[in-house]
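Have the 3D view open as you read.

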Amino acid sequence: MSKFIPQPSCADPEDKNRLSIDAARDRISALIKPLNSWQRYPIRDALDRVLYQDIISPINVPAHNNSAMDGYAVRSDDINDGSLNLKQVGTAFAGKPFKGKINSGECIRIMTGAVVPNQCNTIIMQEQVDINDDIVTIHGHHRKGQHVRYVGEDIKTGAVVLAAGRRLVPSDIGLLSSLGIADVNVTRRLRVAFFSTGDELKSTGESLEVGQIYDSNRYTLFGMLKRLGVEILDMGVVPDQKAILRQTLADAAQQADVVITSGGVSVGDADYVKEMLAELGQVDFWKIAMRPGRPLAFGKINNSLFFGLPGNPVSVMVTFYQFVTPALRKLMGESKPDSITLQVTCTDKIRKRPGRFEYQRGILFTDNDGQTKVKTTGSQGSGILSSMSNANCFILLDEQCDGLAANSIVSVQPFSGLI
Ligand code: AMP
Ligand code: MG
């Protein structure tokens, strides 16, 4: 029989070995080297992928001085503060420049986006002129250079437009197309395998017997991984049996860059994930001073990274967002993913005991005076998955906090920033 080794529970306030969330994040980050291989894609297919190389602009944007208004292009030397008559000698359209010459005392009609001819440097809005045959009478005060968009004003040839490590958003692919760039190199797609562990778990379509529950973690994990843009390998539900667990872990590690499990990392009699991980690879097993979130197993099986998440559905989501997401983003080569926090008034009283960092579920809303505030979703049990669906943010409560009165200022992390 194996020797029983007492393991301090993470509910034990005396446990001095618990890691802070920052220390846990740093230890994970220290073990991750960004992927060093790339794929070339047409820019539409590169949406949500991470740039492998800097994008250098091959052109000036705009490529020519052009008009920001519909109106008249004039020579600034001709402008004075009184009324002024100029002779219209032609018209410039967007895409159809005026090819003639413009002498002193002359002007051309010009449309928004049309090239401003060399001799001209100023645009008069059409609302500020009177027209009489080919004579344009200009009124009002005008400034030299007004309403001209200058060559290279947005982007200069040779400038770094988008840096390596950037996750491409819709404006980025528009920007790339505005530079005439059709394909880009992005880091290769990560392959992530995951499965749930537990004898009590059934899948949708199966009937439940007493004590059984439907597996939800594989579905939340699927959703969160899908949003990150990784290739997903769903390996199903694995019962609490060492041999099957060992085999599934080995299979997963062979096929994927990252393996994620849920359940079975606690100190119960059927929690075998750590043991199997220790057999197959290296394991780092931590108790993190956070709630929800129980012990987190982290390690490697051959070349694959491994995350053993807790079983409770809310704990899975919190540990995924707080530890797995930043790790996968770093692995994908993303530089400094931004996680936004806001300071807002919480209209509810918050109950909390000091000792652990808490991620309570909150709802950001705008009150009748237009102020953004947060309220809690109510009961904060780590099995209450509906609290995640009702919430749109985490309310961040540091270790020392021992509860807050209603209308206190709190930090929140909107879900929209989490991908
Ligand atoms: P464990 O860490 O395996 O002891 O699981 C902790 C709690 O989470 C238990 O109540 C499990 O029944 C529950 N649980 C574990 N895995 C899942 C899952 N995939 N879906 C829903 N609940 C789960
Ligand atoms: Mg279990």
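Strands here are DSSP runs of E at least two residues long, numbered from the N terminus. Keep in mind that this is a predicted model. With that in hand, look at the shell around ligand 1: β13 and β15 (213-214) each supply at least two of its residues. The shell has 16 residues, and E200, D215, S216, G264 and R294 come nearest to the ligand.

Now for the polar side of things. D215 puts a polar side-chain atom 2.6 Å from a nitrogen atom of ligand 1, and N217 has a polar side-chain atom 3.2 Å from a ligand nitrogen.

You'll find D215 in the loop between β15 and α3. Is D215 buried or exposed? Buried means under 20% relative accessible area, so D215, at 5%, counts as buried. The D215 side chain also makes a polar contact, at 3.0 Å, with the side chain of R218. Beyond its neighbours within four places in sequence, D215 touches S196, L201, K202 and V237.

Follow the chain on into α3, residues 217-228. At 1.5 Å a residue, its 12 residues should span 16 Å, and the end C-alpha atoms sit 17 Å apart, which agrees. The buried residues of α3 are N217, R218, T220, L221, M224, L225 and L228. Why do they line one face of the helix? Seen down the axis of α3, they fall within an arc of 160 degrees, so one face is what they line. The general rule behind such patterns is that an α-helix has 3.6 residues a turn, so residues three or four places apart point the same way. Turned away from the buried side of α3, you'll see the exposed residues K226 and R227. Covering its buried residues are, among others, β13, β16 (231-238), β17, β21 and α6 (313-331).

Last stop: α5, residues 273-280, where V273, K274, M276 and L277 are buried. Down the axis of α5, these buried residues fall within an arc of 165 degrees, so they line one face of the helix. They pack against β13 (191-197), α4 (242-255), β17 (258-262), β18 (282-286), β20 (296-301) and β21 (304-309).

Terms used
Residues are numbered from 1 along each chain as its sequence is written. Chains are lettered from A and ligands numbered from 1 in the order in which they are written. This is a predicted model: local features need pLDDT of at least 70, side-chain atom pairs count only at pLDDT 80 or more; totals for chains, interfaces and linings use all residues. Side-chain values use heavy atoms; hydrogens and water are left out. Buried means under 20% relative accessible area, exposed over 50%, partly exposed in between (1.4 Å probe, protein chains only). Helices (H or I, at least four residues) and strands (E, at least two) are DSSP runs, numbered from the N terminus. The arc is that of the directions from the helix axis to the C-beta atoms. Contact means heavy atoms within 4.5 Å. The expected span of a helix is 1.5 Å times one less than its number of residues. A residue is near a molecule or strand if one of its heavy atoms lies within 4 Å of it. A polar contact is a pair of N or O atoms within 3.5 Å; within protein, one must be able to donate a hydrogen and the other to accept it, and residues adjacent in sequence count only if both atoms are side-chain atoms.
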